[in-house]
Structure formats: C-alpha cells, structure tokens
Amino acid sequence: MTSTLLPLDPANVQGDILVGLPKKVQHYLFFQIDDDVAAFRKRLHLLIPFITNTTQAQDDRAKIAAHKKAAVEQGKNYEFLQLSGVNIAFSQFGLTKLGITDDMGDTAFTDGQQKDSKNLGDAGAPGADGEFVPNWIDAFKGQIHGVVLISGNCDLTVTATQATVLSIFNVGARITLHEVITLKGVVRPERGHEHFGFRDGISQPAVKDFDTKPNPGQETVRQGVILCGREGDVDANEESEKPFNRPACALDGSFLALRYLFQLVPEFNNFLKASSDPTKGLTADLLGARLVGRWKSGAPVDVFPLADNPAAGEDVLQNNNFRYDFPNDFETQDRCPFAAHTRKTNPRNDLEGPKIGVPTENRRIIRRGIPFGPEVTPEEATSGKTLHGRGLIFAAYCGSITNSFQFIQKSWANKVEFPPKEHVNPGFDPIIGQNKDGPNGVGPRSMVGANPSDQSATLSLPVEWVVPKGGEYFFSPSISVLRDTFALA
Ligand code: HEM
C-alpha cells in the first residue's frame, strides 16, 4: 500500500465503525454466498446505495438529537424517528469465495473464529478428527461468508429493511445469498445497560482527526488502530512500530470481531448475593461494581470506590475520567480490583504508567454490541436459574484482531498474572475470563481483591456467567473497495 494517503473521507467508511449505526433494534444476518459468485457480486453492487456510511450515520444521529430536543421543548412525548441503517462485512471464507486472494495480514482473521475458539478459552472438546470443537450452536460451526448489519428504531423497521436486503440478493428463483442465521439484538428497557444491569458502551477510544472533541479521560488513538492502512496500523508485537503491509483492499476498512455471548443473569445475581457480606459493608451492589469496575450507573469505582454516584455515571464529563493512578492504585485494590473487567480490558496506568511504561494504544477496540433476549422473569429471579436465553451480541472493530480483540481476551482477561503486580496474581476477569484447562474446556476460576477490606482473600468464581455460543471474524471494507473490488457493476 502506498504511504501517501489522502485524508480520511468519512463518506467512504461504513457507518458502524467510527460512529455506530443508531439502533434500538439490530439484526445480524449471517449468510453464505451461493455458487453463482458473479451473480452475488452484481447484486452486491445494487446493495451499495443502501449501505450507511459514516457521514450518513452522523447525520442520522444529529436528526435524532434534534428531534428529541424539539420534543422536550414542546413538552411532547418523544417518539423514535423511523430510521434504518445497513452495513456489510465478510469473513475470510467470504473473501475466498469471492476470489479475493489478498492476505489481509491478520492471522486470527485468516484462520476464522472457530479455529481461534480454543485460544479464546471457549468450552469444547476435540472432535472425531482431533480438532477442537467449541460448544457453539450449529449455525456457527459451518462456514459463514459474511454478515449484514441492519439497524433501526424498532423491529418493524428493521424487519422491513432486512426484507429489502434479501430481495436485492434473491430475486424470484434466483438465489445468490443464503441466510445461515439472523441474530436479533434489542436494547433493554433500561436503555444503555447490558443484561447484568451495568451501563455499557461508555469507554471508547477517540479516533485522531475524526473525534475532535474527546471527553475527559477519553484517549485518542491514531486512525490506524481502528482503520487498516492508516497511520498507526502497526504490528504491536514489533518493537519498531513496523507498519503492517496491508493489501490495497484493506484501506479504510476495519476488522469486526463478533461474538454470540449468553449471560447467566439469575446465577450471577445469586452469586453476588451469596458472596456479599452487608454487615461488613460488602453489599451485593458493591461486590458487583468491583467485579465490573463500574457501578451499575456507570460511575467508575476507581473514582467512587465506596458508593455509587448515578449522576456521575451518566455524565460523559465524569464517567470516563480515571486512569487507575490515584496514590497507591498501582499497588493496592482499595479503589478497584486489579481483575475488574474494565481494568483487565483497558488497564490504563497499570501498563502505561511510569512503573511499566508499555503503551496500549494498539490494544484498543471500538465496541458496538447490543443485548439480545428477554428480561429476567420472576420465575428465573426466584429460582436463580436461567430459563430463557439472553446476553450480548458483542461486536468490536479494530485494525487488527490478533493485536487487540484476541489479545485482550487471551492475554489479559484469561491470564491470572495480568495486570502484572509484584506480590499478587490478580486472577481471571470475573465477567469474561475463561479457563480452558479443565474437563470440556472449563476449569476453575478465581480472583483476588474483590473484598476491599480483605484484599488478599481469594474469591472463587464458580460459574462462567458469560457463555460464548458462536461468532466469527469479519472485515468491513470501505465503500469504494466494496464497489470496485467486492462487487461487480
Ligand atoms: C457479555 C459479555 C460482556 C459484558 C456483560 C460486558 C460488560 C461491560 C461493561 C458493563 C463495561 C463498562 C462500560 C464501559 O466502560 O463502556 C465494559 C467495558 C469494556 N469491555 Fe466488556 N463486556 C462483555 C464482553 C467483553 C468482551 C468479550 C471484551 C473483549 C474481549 C470486552 C471488552 C471491554 C472493554 C475494552 C471495555 C472498556 C474498558 C475501559 O476502557 O475502561 N467486553 N464491558
């Protein structure tokens, strides 16, 4: 790829990456391309006008904000604007099917997520041929060529857009795309909160020369950390910051790690209750906050270690303004356990600070997931047992799956020695950490520091409350590459 690049054109980047498609509902249509590849590519050309680019996603968000403001000013009930967005991304299987032979320069992407599942710590066992088979649903065990992301204000809008997308690819008896499975995400009634009840999607990196007004505490990363071929798209494992040698079709595209993650919510809540000790100040709420690194409101425990501060939790000027660099933060877990989910997945000063001095810019991801499944029923709450599937369709964009998403899961969340501390091993990330060293790929997990007044005590984490049941790695190309390389006019 040439080194003299034009400045980034947001209209050429798919809208979910840097801005996020506005969504109350989002469908992920996983598909296989039919044998007539040329016909598929022609149909793909017709889809391009429906793809929402970054400029359009920004406009849609501005429209929603103006509409909300007008409703408040007029004292009216706010009704969602009818809006829909479409993006598309392809797996390595999809690229191969399309005849695109370029090496995208990312081992995890090239191998696919099923091959990577053991690495990620997913439960499973060797199959008849000795290859590891994860405990995933069947849909994700076969080849998936791509995914269409369809978002909107309600199920009706999204279903209608999905029908339009399918009608472009499949006309009459002429089928060019087969649906493998459609996952349906929907925001919870407690908006912005995932199923364990915590506000999510707060901490995202700002992208240089695009997000020009970062919030306090929000770190700015070079464009290449998220977009291939841009400044900062370097091999994080090379000391010399060697730029990746990407093919031309990678420019301004981004890798997308998608995971179908079930959450055992009643079991998680029961555990918090059973492991708390309110008489000694360790309430279930405080314990939950210390496992996540934030109170349910979103307020970070590093800043608010003793009590929640809901106003700060929703205030973007306060809710990301911390670095685990209060005096003694590096050595003690008075404020935040070393193994807390947010600290494991973005250790901030633990690595970047003067004690260790390792930059983490290339480990950053932009998260765009959405919950799926119903609310916990009274029956589930009483029995403490999950009866209905629910969880998170986890979606993360990055300039390298190997260096960021895979690294975070494998080398940070699953590694008991991380973040590195002199006298203690922090343990597993209690939310997503996986110990594959046990029968059927599930081993015991524990962490230290959950109890602020007994920080060396080990807390056993008896259940993996987040259960992966599928996923794939995709590449979300720029609009021009989609038009000129992937599609056929
Ligand atoms: C069902 C599974 C998961 C749940 C319930 C969950 C929940 C949360 C919550 C509540 C936050 C705090 C809100 C925020 O800072 O935005 C968060 C942050 C984060 N999560 Fe997860 N998460 C899940 C899976 C994952 C996975 C699989 C990864 C990556 C391997 C991941 C990476 C991150 C990162 C990077 C942050 C931001 C940390 C920071 O910058 O402070 N999460 N997650």
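## A buried aspartate

Asp252 is buried, with a relative accessible area of 4%; buried means under 20% relative accessible area, exposed over 50% and partly exposed in between, using a 1.4 Å probe and protein chains only. Asp252 also has a positive phi of about 65°, although it is not a glycine. The residue belongs to the loop between strand S10 (220–221) and S11. Here helices (H or I, at least four residues) and strands (E, at least two) are DSSP runs, numbered from the N terminus.

## Basis of the model

This is a predicted model, in which local features need pLDDT of at least 70 and side-chain atom pairs count only at pLDDT 80 or more, while totals for chains, interfaces and linings use all residues. Residues are numbered from 1 along each chain as its sequence is written, and side-chain values use heavy atoms, with hydrogens and water left out.

## The ligand and its iron atom

There are 27 residues around the ligand, and Ile202, Ser203, His341, Arg348 and Arg367 come nearest. A residue is near a molecule or strand if one of its heavy atoms lies within 4 Å of it. By class, this shell has 12 nonpolar, eight polar and seven charged residues. In that scheme Ala, Val, Leu, Ile, Met, Phe, Trp, Tyr, Cys and Pro count as nonpolar, Asp, Glu, Lys and Arg as charged, and the others, Gly among them, as polar. Domain 1 (12–260 + 471–486) and domain 2 (265–362 + 413–467) each supply at least three residues to the shell; the domain bounds come from an automatic or database domain assignment.

The iron atom of the ligand has a single donor from the protein, His341 (NE2), at 2.1 Å. Donors are N, O and S atoms within 2.8 Å of the metal (3.2 Å for Na, K and Ca), and water is not among the atoms, so sites may look incomplete. His341 is found in helix H11.

An N or O atom in the side chain of Arg367 lies 2.7 Å from an oxygen atom of the ligand. For the side chain of His341, an N or O atom is 2.9 Å from a nitrogen atom of the ligand. Gly201 takes part through a polar backbone atom, 3.2 Å from an oxygen atom of the ligand. The elements that give two or more residues to the shell are strand S11 (254–263), helix H11 (341–345), strand S14 (391–398) and helix H14 (405–413).

Arg348 is found in the loop between H11 and helix H12 (349–352). Its relative accessible area is 3%, so it is buried. Arg348 has a positive phi of about 45° although it is not a glycine.

## Nonpolar cores

A nonpolar core is a set of buried Ala, Val, Leu, Ile, Met, Phe, Trp, Tyr and Cys residues joined through side-chain atoms within 4.5 Å. The largest nonpolar core has 82 residues, of which Phe40, Leu44, Ile88, Phe90, Leu291 and Phe486 touch the most other members. Helix H9 (residues 284–292) gives the most to this core, with five residues. Because domain 1 and domain 2 both give residues to the core, it lies between them. A second, separate core of 33 residues includes Leu18, Trp136, Leu256 and Phe474.

H14 is mostly covered, with seven of its nine residues buried. Among the buried residues of H14 are Phe405, Ile408 and Trp412. In the loop between H14 and strand S15 (445–448) stands Pro419. A cis peptide bond joins Phe418 and Pro419, with omega about -10°.

## Other buried loop residues

His145 lies in the loop between strand S4 (132–134) and strand S5 (146–152), and it counts as buried at 5% relative accessibility. A polar atom of its side chain is 2.7 Å from the backbone nitrogen of Ile33.

Asp122, in the loop between helix H6 (113–120) and strand S3 (124–126), is buried with a relative accessible area of 1%. Gln204 is found in the loop between strand S8 (177–186) and strand S9 (206–207), and counts as buried at 12% relative accessibility.

Methods. A polar contact is a pair of N or O atoms within 3.5 Å; within protein, one must be able to donate a hydrogen and the other to accept it, and residues adjacent in sequence count only if both atoms are side-chain atoms.
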